[in-house]
Amino acid sequence: MLDPKSPVALYMPKNLVSPIAKMGHGVLRFLPNPVVAVIDPEHAGRNTAEFNLPRAVPVVATVEDAAAAGAKVLILGIAPLGGQIPAEWWPDLDRALELGISLVNGLHDLLMWRYPHAPEPGIVDPSVPFVWDIRREPPGLVNGRGLAATLKNRRALLIGTDMSVGKMTAGLELHAAAKARGIRSEFVATGQIGITVTGSGVALDAVRVDFASGAIEQEVLMVSDRGAEIVWVEGQGSLVHPSSTANLPLIRGSVPTDFVLCVRAGQRTLRFLDHIEIPPLRELIGLYEQVAGMCGRYPIPATRAVAVNTAHLSDEAEAADAIAQIAEETGLVAADPVRDPDGPNRLLDAMGL
């Protein structure tokens with residue numbers, strides 16, 4: 001977990017406003033740390049506020065510029081195809097460590113092999129730069145045993161129509177709103193962004209499939225032991241996406257009592273596979289519920305509300321119309337938990353919280 005006082009820089013060369021900048025944008029929205037610089041030579045001299053990003057941060061050209069701004073931690077803020085670190089990044093990463101700047105990496109390509117002597121965060125003197133590879137399988141995993149079904153609390157899994165539709169964002173917004181109401185709420189992060197901003201969780205796509213449901217189960221049991229009245233479980237992918245294998249481990253590991261469906265307004269096909277249509281939302285909800293019920297072995301979770309991502313719609317009226325259409329189609333309360341300041345509370349009300 002990062003020291004929340006440590007000044008952070010984001011490494012986002014050539015991709016400040018790219019679709020692959022999800023990590024950086026998530027950090028800007030949710031990380032409690034001060035973010036003192038974003039490294040992107042193409043936009044150096046500008047500010048992230050000019051691009052309608054969640055936080056106003058100066059954009060600089062080099063690692064040296066970030067160090068001069070006071071950065072003590074460098075977070076890799078973009079995810080190139082395949083999660084591999086491009087060869088041209090290595091000189092900058094080497095230089096960051098030379099300048100005493102720690103590295104946080106959410107990619108599949110691990111830094112530990114290049115920097116075997118760098119400590120992990122919290123292991124040694126905090127003045128020594130560390131390397132944190134987030135996408136690593138945690139130790140001590142066991143197979144899933146369905147133990148979350150014995151819990152008395154509520155467990156809400158964020159499900160989706162596609163990848164990258166805002167499941168983590170909706171979950172974190174609902175978690176924050178629940179805590180503001182005095183509800184004992186916990187959030188289980190399952191991806192690199194959620195783990196970076198919360199400091200805990202399991203990178204599900206780094207876990208061997210035989211242990212995936214067990215990894216989620218362990219996290220859910222652990223936070224439930226802290227007295228959680230509701231556990232928000234960050235969803236991944238979609239049941240209808242041919243590349244997604246995460247949904248069954250998430251469902252089996254958390255044995256959810258509730259679903260919150262996450263959708264991107266106006267989307268009719270999968271984002272990068274436009275030959276695959278997204279089913280009607282009521283049909284998709286039914287599919288998720290049937291899978292979770294496992295032929296009557298578990299109670300079927302109730303899909304309570306729809307979190308709508310309207311970030312790509314600049315017109316407020318168009319966004320409102322899209323949300324209203326989704327509410328009518330599903331028969332559920334629908335709201336954008338980011339665009340609408342009251343959106344998280346409307347979704348919590350729909351869940352009876």
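Which residue in β10 is the bridge partner of Leu157? In this predicted model, the partner is Phe259. Local features were taken at pLDDT of at least 70 and side-chain atom pairs at pLDDT 80 or more, while totals for chains, interfaces and linings use all residues. Residues are numbered from 1 along each chain as its sequence is written, and side-chain values use heavy atoms, without hydrogens or water.

The bridge belongs to the parallel pairing of β7 (residues 154-160) with β10 (residues 258-264), which spans five bridges; strands are DSSP runs of E of at least two residues, and two of them pair if at least two bridges are found between them. Both strands sit in an open, parallel sheet of six, ordered β8-β9-β7-β10-β13-β14. At its edges, β8 (185-188) and β14 (333-335) each pair on one side only. On average, neighbouring strands are turned by 25° against each other, direction ignored, with axes fitted to C-alpha atoms and angles running from 0 to 180 degrees between N-to-C directions.

Helix α4 (residues 167-180; helices are H or I runs of at least four residues) lies across β7, β8, β9 (230-233), β10 and β13 (302-309) and runs at about 165° to β8.

The structure also holds one cavity of 30 Å³ or more, a cavity being a set of points on a 1 Å grid where a 1.4 Å probe fits but cannot get out. About 50 Å³ of space lies in the largest cavity, the volume being that filled by probe spheres set on the points. Its lining (residues with an atom within 4 Å of a point) includes Met1, Leu31 and Thr196, and divides into six nonpolar, four polar and no charged residues.

Key. 1 Å grid on protein atoms, 1.4 Å probe; cavity = no way out; pocket = protein on both sides within 12 Å on 5 of 7 lines; lining within 4 Å. Nonpolar A, V, L, I, M, F, W, Y, C, P; charged D, E, K, R; others polar. Contact = heavy atoms within 4.5 Å.
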